[in-house]
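These are my notebook entries on a single structure. I record what I looked up, in the order in which I looked.

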Amino acid sequence: MTSPPFPLLRKKAYGNEDQKDYVEWLTEFAKLAKDALKPTGSLVIDIGGAYQQGVPVRSLHQFRALLAFVDDLGYFLAEEFYWYNPSKLPSPIEWVNKRKIRAKDAVNTVWWLSKTEKPKADVGRVRVPYSKSMQQLLKDPEGYYTPKERPSQHTIGKAFGVDNGGALPSNLLELPNSQSNDAYLRTLKSLDLKGHPARFPSKLPEFFIKMLTDPGDLVVDFFSGSNTTGRVAEDLGRKWLAFELDPGYAALSAVRFMDGCKPDAVRRAIQQIENGISLSLQEASKQLTLGSD
């Protein structure tokens, strides 16, 4: 589960590949991931859109990358998902804010890729709450619908009125990315440090980790940034590995696993990691909890 830097025209602090090199660059990572995946494993990649240089015309990088993954590397496209972020700010500024000739870009494509046509998956693990109308139907199924074939030729049987604990989700994931005061940011603010600027909400990796893995399975994020994926995997009882090119961001991600530690102790731990010293956060947390030196 990963979200690589997008080929945005405006360069970000964490680095962006040029659009002309992007697909080839990202395909190299996808190849390494495929080599490492178990036969029934999955690769989930969140890719945002972008515009071409100087014109209000969309780049096709995410679609060209998908074709390269499938045609050149032999992946299967298990399903495409779309992450809708209702809290996303209007962008790009030139075409949306200034000239007002394009709508704001609020949806990322998320490719669910696999090595086999039948990867491990259980969508029942990520059920969503029933709608109000469905809740009413479940109270009195016979009063709300009659089992029969609909005009769409879909057959609605008696099983439609069975309470399964929630509805099956769609491939449109509406997840606002509006976290501005979570534990990660609060801790860094107390240390007067700036965190990674591009963080996806924890609900995004949580959805795919629950659906595609079992407790004890290994989850890997090779563009980990602030390591949201690792934190979620830890909370869900999965093993995990996180890789980040920038040593500063990698060191700051340790904050996600040091709840309850004194700010000065957290700062020392970050400095140790930045200096290349291996640090067991489990042991460090025992020594650096509130009230200790």
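**Entry 1. Aromatic rings**

Which residues form one aromatic cluster? I worked from a predicted model, and I found Y22, W25, F29, F222 and F223 in that cluster. I then looked up the total and noted 13 aromatic pairs.

Is F223 buried or exposed? I recorded F223 as buried, at 14% relative accessibility, whereas F29 is partly exposed, at 26%.

I next examined F81 and F207. I noted both F81 and F207 as buried.

I turned to strand 3, residues 107-114. Seven of its eight residues are buried, so I describe strand 3 as largely enclosed by the rest of the structure.

Which way does strand 1 run against strand 3, parallel or antiparallel? I found strand 1 (residues 42-47) antiparallel to strand 3, with six bridges joining the two. Within this pairing I located V44 opposite W112 of strand 3.

I then checked strand 2, residues 76-84. Strand 2 pairs with strand 3 through eight bridges, also in the antiparallel sense. Here I returned to F81, whose bridge partner in strand 3 is V110.

**Entry 2. Nonpolar cores**

I asked which residues of the largest nonpolar core touch the most other members. This core has 19 residues, and I listed L26, L43, F69, Y75 and L113 as the answer. I then noted the elements that give two or more residues to this core: helix 1 (19-36), strand 1, helix 2 (61-72) and strand 3. Helix 1 contributes the most, with five residues.

Setting aside its neighbours within four places in sequence, I found L113 in contact with S42, L43, L66, F69, V70, Y75, F76, L77 and A78. Apart from this core I recorded another, of 15 residues, which includes M1, F81, W112 and F207. As a general remark, I note that nonpolar side chains tend to be buried together in soluble globular proteins.

**Entry 3. Salt bridges**

I looked up D217 and K120, and found their closest N and O atoms 2.7 Å apart in a salt bridge. The two residues are 97 residues apart: D217 sits in the loop between helix 7 (203-212) and strand 7 (218-221), and K120 in the loop between strand 3 and helix 4 (132-139). K120 is partly exposed, with a relative accessible area of 28%.

I next checked D122 and R125, whose side chains meet in a salt bridge at 3.7 Å, N to O. I recorded D122 as partly exposed at 34% relative accessibility, and R125 as partly exposed at 34%. I then noted that K120, D122, R125, D214 and D217 are linked in a network of salt bridges.

I also examined D235 and R231, which form a salt bridge at 2.7 Å, N to O. Why are D235 and R231 separated by about one helical turn? I found the reason in their positions: they are four residues apart in helix 8 (residues 228-235). D235 is exposed, with a relative accessible area of 54%.

**Entry 4. Charges over rings**

Finally, I looked for charged ends placed over aromatic rings. I found the charged end of R58 over the ring of Y51, 4.8 Å from the ring centre. I likewise found the charged end of R256 over the ring of Y184, at 4.2 Å from the ring centre.

How values were computed:
Residues numbered from 1 in each chain as written. Predicted model: local features only at pLDDT ≥ 70, side-chain atom pairs only at ≥ 80, totals over all residues. Heavy atoms only, no water. Buried < 20%, exposed > 50% of the residue type's maximum accessible area, 1.4 Å probe, protein only. Pairing = 2+ DSSP bridges. Core = buried A, V, L, I, M, F, W, Y, C linked by side-chain atoms within 4.5 Å. Contact = heavy atoms within 4.5 Å. Salt bridge = Lys/Arg side-chain N within 4 Å of Asp/Glu carboxyl O. Phe/Tyr/Trp six-rings, centres within 6.5 Å; stacked < 30°, edge-to-face > 60°. Lys NZ or Arg CZ within 6 Å of the ring centre and 35° of its normal.
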